[in-house]
Amino acid sequence: MIINQRTIFLLFLLLFGFFLISPSRSFSSGSHSDAEMLQKTKTPEHEIPKYFVPPPPFSEGIFPCSDCHGEMEPNPERRELEEMHTNIHLKHAGPEQWCTDCHDLKNRDKLHLINGKLINFDELYYLCGQCHGTIFRDWKAGVHGKRTGEWNGKKIYRLCTHCHNPHQPHFKPLKPKHPPERPSDIK
Amino acid sequence: MSKKIRNNPLSLQLDRRKFLKGSALGLAASALPLQNADASFIDAFFQKHFRELNKKEIQEVLDRLEQEYSEQYSKHVSVKATKAMPGVQFGYGLDLSRCIGCRRCVYACVGENNQSRDPQIHWIQVLSFKKGEKWTDLEDSDKYYNPDKVPEPDHWYMPVQCQQCRNPACTRACPTQATWKEPDGIVVVDYNWCIGCRYCMAACPYGARHFNWGQPHIPNDELNPETHYLGNRPRYKGVVEKCTFCIQRTRDGRYPACVEICPVGARKFGNLLDPSSEIRYCIENKRVFRLKEELNTLPKFYYFYAT
C-alpha cells in the first residue's frame, strides 16, 4: 500500500514536476509578474522596466523648464535664489546638496544621475533610487508607496514626488478625518 | 423586537425566528400570513441556503434584490454574485511603519461598502497608541483621537478590520450557517440568512463584526449601486456585517477601496498563492505578525514594519 502510494507520487513528480518548478508561472491569468516584465524588457539600455505612472505633480506653468532656461545662461553657483524659485529651500540630504545634484545644468527639462545619464521627470525614481536603494527595491515590488488598478493585472505606480517634495521630502502631516461616534453620543 | 425587522418582503409581517418556531411544531404553514403574501414574498421566504442555489435560482434572487433595492434607493442598483477565482487566496498586508492614522480608509470603506451612516457603522477602526507604551489589549486603545494633524508626535496607529481568518471562530459560532469562508478565503455573511443572534460577534476576537441595531440609513445619492450579494449590497435591520476585502471589486481583479485611498501606501493586497504578488513580497522580506496569534485563528491579514 505504502509502496504503491510512493510510486504514484514519484510518477506524479516525474510527470508534473516540471510544471511545479517552472519559474515564472503566474497564477493570475492575464497578469504580468514583475519578473516576467523584467525578462521582456531586459535590453542593454533598459535594465529595469518602465513603471507606469501618472505625470509628475508639477505646479502649473513650470514645465517645460526650458521655456525660461532655454534662453538663460546657466548659473552653477550655490546661492540664495532671489528672482525665481524663492519658495524652494533644500532640507533633504544635508548642507552640501545643491540643485544641480539632481537637475541638469544644461538641459533643465531633465534630471541627471550620478553617472551623468539624463532621465526624464517621469523616471525620477532612478534618481531617488541611487541613494535610497532599499526603498526603491520595495517601491518596485509595490510595497513602498502604492499601486492602484488591478491586483492581478495592470497597475499604476505613484512617483516618489507624488508623496515627497524632493526638496523637503519629509512626509507632510495630514488632517485626520473625523473620529467615530462614541457609544455615549448615540441618541 | 419590532415586528418589521427587515425592510424587504422576507419579513413584512413576520421574522424567520417565528417561522422556525412554527416549523418546529409542524405548524409552518399556519405561521405564514398568506393573506398578504405576494409571489416575491413567498420566493424570498423559501429561498434556499445561498450555497445550495443553482445558477438559475441565484439569478432569480439577484433579479429580485435588484428590483427591491432600485425601488428603495430610487436608482438602478446592480447585484452580482461573482464566484471566487480558482487558484486565489486573498491576503492583506498593513505597514505599521507608514500608517499615520488619517482615517481616509475608514470613510472610503463606508462609501464603497454601503455602511449605514445613521446609525453609524465602520468596518475599519483605527487605533492609536503611544510609542513605547505597552499595549495589552486592543480595547484599551484610543480610537477617538482627533488632533489637527496626524501623525501626532510619539504615536503610532493600527487599523483593525476583519482579519479573514483561515480558522475563523465566527463562522463556527453561527447557528444557521449564515456566515462562511469562501474558496478564495473571504469570510462572508448572507444577510438574508442571518437571524441576528450575534453569536459570531461574541466569537470574533477582533471586534470586526458589526450589528445593525437600527434600520440602516444611506442617502440615495451616496449609495454605491455596484454591489455583490455577499458583500456591499444594502443590509437590513437586525443583521451582522463585516469587511469582505471588497469582494465586489477584488473578484473582478481590482484592489480594495482602502488600498487605493491610502495616502501613505501602507495597505497591500494580493494573491497569497502568487509568488510575485506584493503580499508575498511583504511576507518574505519584512517582519510580519498577525493579531492575537495565540488564538490560532490564523488571519490572512498581516501587519508588518517596512523599516
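Guide: Happy to. A salt bridge here is a side-chain nitrogen of Lys or Arg within 4 Å of a carboxyl oxygen of Asp or Glu. Please keep in mind that this is a predicted model. By this rule there are 16 salt bridges over all chains.

Let's begin with a pair that crosses between chains. Asp138(A) and Lys286(B) form a salt bridge through their side chains, with N to O at 2.5 Å. On one side, Asp138(A) sits in helix H5 (residues 133-140) of chain A; on the other, Lys286(B) sits in the loop between helix H10 (278-285) and strand S11 (287-289) of chain B. Asp138(A) has a relative accessibility of 6%, so it counts as buried. Lys286(B) is buried too, because its relative accessible area is 13% and the cut-off for buried is under 20%.

Now for chain B itself. This chain has 10 helices and 12 strands, and 57% of its 307 residues are buried. Among the contacts in chain B with a separation of 6 or more, 67% are between residues 24 or more positions apart.

In one of them, Arg117(B) pairs with Glu222(B), and the closest N and O atoms are 3.2 Å apart. Arg117(B) belongs to the loop between helix H5 (104-112) and strand S3 (125-130) of chain B, and Glu222(B) to the loop between strand S7 (210-211) and strand S8 (226-228), so this pair ties together parts that are 105 residues apart in sequence. Arg117(B) is partly exposed, at 22% relative accessibility, and Glu222(B) is partly exposed as well, at 41%.

The other pair is Glu182(B) with Arg251(B), whose side chains meet at 2.8 Å, N to O. Here the loop between strand S5 (179-181) and strand S6 (187-189) of chain B holds Glu182(B), while the loop between helix H8 (247-250) and helix H9 (257-261) holds Arg251(B), so the pair ties together parts 69 residues apart in sequence. Both Glu182(B) and Arg251(B) are buried.

There is also a network of salt bridges, which links Glu112(B), Arg249(B) and Glu260(B).

Between them, 27 residues of domain 1 are in contact with 29 residues of domain 2. The area buried between these two domains of chain B is about 2,600 Å², and carbon and sulfur atoms give 51% of that area. The rule finds one salt bridge across this interface. Lys80(B) and Asp252(B) are also joined by a salt bridge, at 2.7 Å from N to O.

On the side of domain 1 of chain B that touches domain 2, helix H1 (16-24), helix H4 (55-73) and strand S1 (78-80) each supply at least two residues. H4(B) gives the largest share of that side, with eight residues. By type, the residues on that side of domain 1 are 11 nonpolar, eight polar and eight charged.

Methods: Residues numbered from 1 in each chain as written. Chains lettered and ligands numbered in written order. Predicted model: local features only at pLDDT ≥ 70, side-chain atom pairs only at ≥ 80, totals over all residues. Heavy atoms only, no water. Contact = heavy atoms within 4.5 Å. Buried area = accessible area lost by both parts, 1.4 Å probe. Helix = DSSP H or I, 4+ residues; strand = E, 2+ residues; numbered from the N terminus. Nonpolar A, V, L, I, M, F, W, Y, C, P; charged D, E, K, R; others polar. Buried < 20%, exposed > 50% of the residue type's maximum accessible area, 1.4 Å probe, protein only.
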